[in-house]
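I open this notebook to record what I looked up in the structure shown below. The entries follow the order of my reading.

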Amino acid sequence: MSKQVSFTLNGKSAIAEDGETIWQVAKRKGVDIPHLCYLDKPGYRSDGNCRACMVDIEGERNLAASCIRKPSEGMKVNTATERAEKSRKMVFEMLAADMPARDSGPDDKSVFWAWAESFGIDGSDRLPNKFADDLREVHDISNPAIAVNMDACIACGLCVRACREVQVNDVIGMAQRGSHSVPVFDIHDPMGLSTCVTCGECVQACPTGALYEKTLMDEAGKTRQIKEFDKSVNSVCPFCGVGCQTTINVKDNKIVQVDGRDGPANENRLCVKGRFGYDYAMSNERLTKPLIRRDDAPKRGDIDMRFMKIEDVFREATWEEAMAKSAEGLMAIEKEYGGDALSGFGSAKGSNEEAYLFQKLVRQGFGTNNVDHCTRLCHASSVAALLEGVGSGAVSAPFTDAMVSDCVIIIGARPATNHPVAATYFKQAAKKGTKIVVMDPRQQDMMKFAEHALQFKPGTDVAMLNALLHVIVDEELYDEQYIQANVTGFAALKEKVKDFAPEDMAEVCGIPAETLREVARLYATSERSIIFWGMGISQHTHGTDNSRCLIAMALITGQIGREGTGLHPLRGQNNVQGASDAGLIPMFLPDYRSVENADIRSQFENVWGATIDPKRGLTVVEIMDAIHEDKIHGMYIMGENPAMSDPDQLHARAALAKLKHLVVQDIFLTETAWHADVVLPASVHSEKLGTFTNTNRQIQIGRPALDPPGEARQDLDIIIDLANRMGLGWTYDGVSDVYNEMMLVMPSLSNIPWSRLIKEDAVTYPAKSENEPGSAVIFEDGFPTADGSGKLVPADLRAPDEVPDEEFPMVLTTGRLLEHWHTGAMTRRSDVLDHIEPEGIAAMNPYEIARQGLVVGEMVSVETRRGAISAVLRADREVADGMIFIPFCFNESPANVLTNPQLDPFGKIPEFKFCAAKIGRYEEVQAAE
């Protein structure tokens with residue numbers, strides 16, 4: 001039981017909880033005490049260096065800093081004595097004397113000047129500026145998003161704690177001594193040339209504006225120009241699956257600033273995309289009017305849309321004409337060929353309500369289950385294995401549970417790049433003593449924090465994981481009681497892994513046998529162990545087998561169903577979890593219920609008033625193949641970009657061009673939209689109301705902050721309009737009405753009514769009642785399977801579909817960059833993000849570059865059996881020898897021209913992470929052709 005302390009605060013009785021400071025108790029009691037070096041937000045410790053929070057304690061000669069002093073029994077504290085107030089006022093006057101005048105400093109609305117104003121201080125004429133004769137460089141605008149004005153710095157150290165202790169990036173430190181101490185980046189580098197990842201945590205923490213957003217300042221980056229906001233809207237981030245809560249600040253219908261909020265997944269933190277990547281919403285490339293393909297603009301799969309004019313391909317149309325043409329074209333195909341000749345790709349970037357209505361339209365209106373979205377290209381194999389093994393495709397515990405875990409395995413994931421805010425919790429966990437194990441064919445930032453860093457050979461996941469399972473079984477490190485009560489299939493697994501001794505697998509996977517044994521023992525014997533994985537596990541032809549091995553590790557050790565344990569595939573896009581939950585999958589209705597089950601279909605048919613096709617539909621890649629086979633003739637795509645995201649891109653683009661009727665609903669004229677017959681201008685995330693479900697199963701509210709540009713419409717309204725033109729007679733009264741219908745057919749939403757979401761902003765599913773928090777940890781009492789048990793499925797070695805040979809001697813792998821998201825449709829239209837990473841690259845190890853006789857910075861040609869692209873060669877020590885890494889966000893260097901479309905047989909996911917390739921100088925390759 002926590003110890004409470006009774007003391008007196010300003011003459012009144014007060015109780016301090018265990019560990020509370022005087023400042024924290026005062027805040028709780030409504031007593032304001034100035035503070036500068038202390039930030040009252042999660043993750044920030046008090047420091048007590050600025051002396052702005054001094055209070056009087058009876059019987060003590062000196063004043064005490066209330067942010068670090070804890071009350072003791074019977075203590076008498078007074079915050080308003082004359083000497084305490086004079087001391088605090090003197091601190092502010094001395095600091096003001098060393099800063100620029102309020103109206104010429106970087107932020108006249110800063111925390112510092114707000115407190116100074118309360119003391120009647122607007123500068124100081126009687127005290128000298130200690131930096132008057134200092135010739136140091138104080139102004140730095142080398143970072144594309146952040147202006148540095150060190151003449152406004154008070155050396156409070158908040159930026160250092162923000163960088164080192166909250167985000168754990170270790171870029172900012174203090175240099176020089178005494179009163180001339182100053183924050184510096186790396187070894188006193190300009191911010192823009194340092195290792196800073198531009199997360200902006202230091203900006204949000206800085207109390208003076210010494211570090212500040214350029215978007216609010218004059219062109220020189222010296223003085224705040226935007227003084228007030230027209231409105232501030234609480235919402236969520238539109239990028240990755242972490243689901244950071246944000247506050248969007250708007251001026252003149254433009255977003256001018258985004259700050260982090262204290263949400264359950266981010267506790268005020270953001271990354272470079274969430275804080276500075278918002279300006280895509282105001283891009284002049286936004287679609288503002290419906291477009292219809294010109295009669296004299298035939299489709300071609302090999303067009304290079306970068307050099308085409310919109311007016312040469314499309315003409316503007318009214319909404320009436322565009323919607324009529326959209327519906328008529330789809331209905332004509334259904335009438336001539338049947339519903340299975342139609343298909344739909346929904347979006348993981350849209351809301352839950354949009355995903356639900358989209359899949360309902362395809363199933364009810366088109367009469368087919370040919371509906372899918374980008375989960376097929378991300379975690380489909382993970383979900384297939386999870387449903388098979390534990391009966392649920394959702395994560396079993398949130399990523400924040402890393403903070404209470406003893407052992408964390410991160411495999412096939414690069415959280416510092418793809419889930420940067422989640423990575424802050426992993427790094428903080430490592431600093432407090434949690435043992436981190438990172439497994440990746442490429443080196444990565446998280447390996448600096450790892451107890452064990454396993455850089456295994458690409459494509460050998462099963463060999464390595466089965467070796468770990470072998471050790472756990474052979475050394476009897478498994479939890480026999482847990483297996484007997486909760487797990488089936490142990491005997492078969494035991495038999496399978498006996499042939500995978502670490503000594504035999506070491507040469508296969510490239511990891512020493514003793515290291516494999518140490519990792520297996522660490523995971524199995526820790527009180528709490530948890531596994532996180534990403535698309536390095538799932539995007540293989542053996543992706544489902546990879547996931548089966550991870551599931552087996554958790555099940556046989558009982559490392560699941562408790563806080564700090566479990567299985568967590570880190571979701572990619574902001575709503576890929578929610579879109580999957582809502583049924584945007586060809587084989588499942590909402591809540592992962594099989595379309596092939598007659599009883600389940602009847603439940604939905606009763607609510608929808610329509611018959612549902614009993615056959616499972618085709619997946620993303622299968623749909624492209626079916627188009628080439630003349631089985632599918634029409635498609636409706638909302639917010640997806642398969643012309644960039646699909647493997648064997650030339651094949652995919654040829655399929656899109658072959659369609660008799662393609663309707664694309666999007667915010668930009670994407671590479672996919674160039675192939676459309678009708679283009680419908682839609683709304684961005686910051687223009688819509690809806691719910692979004694993050695990787696932690698937290699359902700959150702996104703709110704509109706902007707008005708859509710021109711004639712662009714809400715995505716939900718467009719879906720409903722199209723459905724009604726196809727005769728469905730939908731009569732929804734707004735977003736909440738759609739959500740209410742979802743609650744009728746989705747048990748996962750039980751006890752989470754719309755009113756609760758509006759009130760609480762975030763609720764984790766499942767929730768046992770409306771008055772209790774949702775269950776962050778699931779599977780505490782078994783699994784949602786037919787017999788309540790988890791199922792072990794042994795995995796055997798399966799080589800990648802395509803291995804290096806004499807003609808193609810290298811391994812190509814693809815992925816994302818910190819600054820760019822998915823196909824780049826949004827992030828490449830963000831000035832800050834595109835400034836940091838402006839061009840397509842191919843990355844190789846410096847030693848490999850030298851062996852190949854290539855030069856860093858030159859144009860190279862990368863070729864596979866499917867095609868060739870050009871890119872700028874970059875040296876990257878994280879890339880293994882014999883490997884090429886290419887991000888797939890650059891349309892000038894489209895990585896998916898190269899990738900292998902071969903599918904995992906269970907998850908139907910393509911093998912993005914491995915194919916055979918070769919590289920050469922671009923000029924030499926061109927000359928040879």
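Entry 1, terms. I take two strands as paired if DSSP finds at least two bridges between them. Helices (H or I, at least four residues) and strands (E, at least two) are DSSP runs, numbered from the N terminus. The model is a predicted one, in which local features need pLDDT of at least 70 and side-chain atom pairs count only at pLDDT 80 or more, while totals for chains, interfaces and linings use all residues. Residues are numbered from 1 along each chain as its sequence is written, and side-chain values use heavy atoms, with hydrogens and water left out.

Entry 2, the sheet. I looked up strand E22 (residues 529-533) and found four bridges joining E22 to E23, the two running parallel. Trp533 has Pro569 of E23 as its bridge partner. I then traced the open sheet of five strands, whose order is E20-E19-E18-E22-E23 with parallel pairing. Strand E20 (452-454) and strand E23 (566-569) are the edge strands, each pairing on one side only. On average, neighbouring strands of this sheet are turned by 15° against each other, direction ignored; the axes are lines fitted to C-alpha atoms, for helices over the stretch in contact, and angles run from 0 to 180 degrees between N-to-C directions.

Contact means heavy atoms within 4.5 Å. I checked the length of H17: at 1.5 Å a residue its 13 residues should span 18 Å, and the end C-alpha atoms are 18 Å apart, which agrees. The expected span is 1.5 Å times one less than the number of residues. Among the buried residues of H17 are Leu516, Val519, Leu522 and Tyr523. Buried means under 20% relative accessible area, exposed over 50%, and partly exposed in between (1.4 Å probe, protein chains only).

Is Pro784 buried, partly exposed or exposed? Pro784 counts as partly exposed because its relative accessibility is 48%. Pro784 is placed in the loop between strand E31 (762-764) and strand E32 (790-791). Leaving aside neighbours within four places in sequence, I found Pro784 in contact with Val390, Gly391, Ser392 and Phe779. Val390 is 394 residues from Pro784 along the chain, yet their C-alpha atoms are separated by 6.9 Å.
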